[in-house]
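Take a look at the fold below.

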Amino acid sequence: MSRVRADRLTNRAGTGAPTFPNGAVITGIASATSFTGAATGLTGNFSGNAAGLSGTPNIVVGSVTGTTGSFSGNVSVGGTLTYEDVTNIDSVGVVTARSGVNLNGLLREEIKITAGKLSDNLNINLDNGMVHHFTTQETATAIPNIMSSVGINTQMGTGDAIAVTIITTAAAGGYSASIKIDGAANDVKWSGGADPSAGGAAGNDVYALQIIKTGSAAYTVLGALNNFA
């Protein structure tokens with residue numbers, strides 16, 4: 001320490017620890033049991049394991065390996081998130097699995113039940129499910145509009161297909177022969193080659209629609225109408 005000038009090296013009051021008011025350049029290795037203070041302006045290569053991080057720092061690393069973790073906010077992944085041996089998945093989008101999908105419990109689907117007629121509630125919002133059941137007997141023809149909050153054209157990619165089921169409380173004068181998608185008229189190719197011309201006399205009419213996106217706002221729709229009484 002005799003080579004360090006006195007005006008460059010001062011003693012921290014009461015600690016015996018030296019301070020470097022004009023900075024320090026270390027060409028070798030600096031080891032310490034802990035570091036305190038603002039670590040701004042650090043450059044070079046740093047290695048080791050981080051522990052005891054606190055506060056709200058921004059950390060950029062090459063890879064992260066851990067045994068457990070929790071996040072109080074949202075986690076965004078720009079690429080593909082891959083994980084194995086998952087017990088529960090709660091997804092609002094599409095889940096793709098390579099293999100090993102086992103359904104040990106009850107496979108169920110959300111159904112939108114409307115205490116009214118299709119002809120009075122033409123918007124079939126798929127945000128509420130892919131099956132829509134109307135419990136009031138029909139009295140008129142209807143053109144249902146298949147839609148969602150962000151738009152079917154936005155949610156579906158070319159080559160995607162969805163299945164939509166509409167269940168009405170049957171009446172001979174209440175039926176649907178065509179549909180709209182995102183508010184635009186779309187032809188339906190009906191099973192048997194003919195458009196529906198009447199509803200069932202009783203029970204429930206079930207419209208099964210297979211919607212295939214063939215291009216931007218372009219769809220092939222295959223439909224079947226069956227009565228259950």
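Two strands count as paired if DSSP finds at least two bridges between them. Keep that in mind for this model, which is predicted.

Start with the sheet. Strands of a sheet pair through backbone hydrogen bonds, either parallel or antiparallel. Here, four strands form an open sheet in the order β4-β6-β8-β9, and the pairing is mixed. β4 (123-125) and β9 (184-186) are the edge strands, each pairing on one side only. Neighbouring strands are turned by 35° against each other on average, direction ignored.

Now zoom in on one pair. β4 and β6 (residues 145-147) run parallel and are joined by three bridges. Within this pair, Ile124 stands opposite Ile146 of β6.

Follow Ile146 into the core. The largest nonpolar core has 20 residues, and Ile146, Val164 and Ile166 touch the most other members. Which strands supply at least two residues each? They include β7 (161-169), β8 (179-181), β11 (204-215) and β12 (218-228). Leaving aside neighbours within four places in sequence, Ile146 is in contact with residues including Ile124, Val164, Ile166, Ile179, Leu209 and Ile211.

Finish with Thr169, which lies in strand β7. Is Thr169 buried or exposed? Buried means under 20% relative accessible area. Thr169 has 19%, so it counts as buried. Its side chain reaches the backbone oxygen of Thr135 at 3.3 Å. Beyond its neighbours within four places in sequence, Thr169 is in contact with Phe134, Thr135, Thr136, Gln137, Glu138, Gly203 and Asn204.

Methods. Residues are numbered from 1 along each chain as its sequence is written. This is a predicted model: local features need pLDDT of at least 70, side-chain atom pairs count only at pLDDT 80 or more; totals for chains, interfaces and linings use all residues. Side-chain values use heavy atoms; hydrogens and water are left out. Axes are lines fitted to C-alpha atoms, for helices over the stretch in contact, and angles run from 0 to 180 degrees between N-to-C directions. A nonpolar core is a set of buried Ala, Val, Leu, Ile, Met, Phe, Trp, Tyr and Cys residues joined through side-chain atoms within 4.5 Å. Buried means under 20% relative accessible area, exposed over 50%, partly exposed in between (1.4 Å probe, protein chains only). Contact means heavy atoms within 4.5 Å. A polar contact is a pair of N or O atoms within 3.5 Å; within protein, one must be able to donate a hydrogen and the other to accept it, and residues adjacent in sequence count only if both atoms are side-chain atoms.
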